[in-house]
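Dear colleague,

Please find below the structure that I am handing over to you. My findings follow it.

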Amino acid sequence: MKKFLIVLLFSVLLALSACSSAPKSGTPIKDFNYTDQNGNPLGLEDLKGKVWVADFVFTNCTTVCPPMTANMSQLQQEVNDAGLKDVHFVSFSIDPEIDTPEALKKYGEAFDADFSTWHFLTGYSQKEIEDYGPKNFKTIIKKPQNDDQVIHGVRFYLLNKKGEIISDYPGNEDVPFNQIVKDIKSANKQ
């Protein structure tokens, strides 16, 4: 009988937690303040109160970055088509010594980026981004000594209005655009 009551109590608590309307929280990221494609500062504080999607790319990439950036461009368009306002996109350069603001602007233009909500960031050292990405986004970033191709993950990260990662998705292929837009809508309501 005691086991039955414990199971019953656990079931009731589980059902109540599922009905909770508390905002979805996630993993907070550390503050940053970098430079965008226009040479302007952009930091976590600038994104507070906004839902945003992040990824890690570099302009000299010959493999996964072009499809990732094309997919982010498509996502930006789908978000706009869905009428979602004030959703931002942040692409952190993982080759900051090569990726100047000018290089990032040219790269973004090649993918029809709407720079009013899409920020390509640089203005930090290679070591800094190699520390920041893994510690905050749990992704690998490593520039080999004798190679211009940076090793990195290929995920898109959805962050809520508090700067917390609430979900991640494949960014280079089989991107679940409909699910991301649905999750953005949900996060925008909170």
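A residue counts as buried under 20% relative accessible area, as exposed over 50%, and as partly exposed in between. Lys 143, at 24% relative accessibility, is therefore partly exposed. Please note that this is a predicted model.

Salt bridges. The count comes to six. In one of them, Asp 95 pairs with Lys 143, with the closest N and O atoms 2.7 Å apart. This pair joins distant parts of the chain, since Asp 95 lies in the loop between β5 and α4 and Lys 143 in the loop between β7 and β8, 48 residues apart. Asp 95 is buried, at a relative accessible area of 1%. Another salt bridge connects Lys 142 with Glu 130, the closest N and O atoms being 3.6 Å apart; Lys 142 belongs to strand β7 and Glu 130 to helix α5. Lys 142 is partly exposed at 44%, whereas Glu 130 is buried at 16%.

Helix α5. The 12 residues of this helix (126-137) should span 16 Å at 1.5 Å a residue, and the end C-alpha atoms are 16 Å apart, which agrees. Its buried residues include Ile 129, Tyr 132 and Phe 137, and strands β4, β5 and β10 are among the elements that cover the buried residues of α5. Just after the helix, Lys 138 adopts a positive phi of about 55 degrees.

His 152. This residue is in strand β8 and is buried, with a relative accessible area of 11%. The side chain of His 152 reaches the backbone oxygen of Phe 56 at 3.3 Å. Contacts of His 152 beyond four places in sequence include Cys 61, Cys 65 and Met 68.

Yours sincerely

Notes. Residues numbered from 1 in each chain as written. Predicted model: local features only at pLDDT ≥ 70, side-chain atom pairs only at ≥ 80, totals over all residues. Heavy atoms only, no water. Helix = DSSP H or I, 4+ residues; strand = E, 2+ residues; numbered from the N terminus. Expected span 1.5 Å × (residues − 1). Buried < 20%, exposed > 50% of the residue type's maximum accessible area, 1.4 Å probe, protein only. Contact = heavy atoms within 4.5 Å. Polar contact = N/O pair within 3.5 Å; in protein donor to acceptor, adjacent residues only side chain to side chain. Salt bridge = Lys/Arg side-chain N within 4 Å of Asp/Glu carboxyl O.
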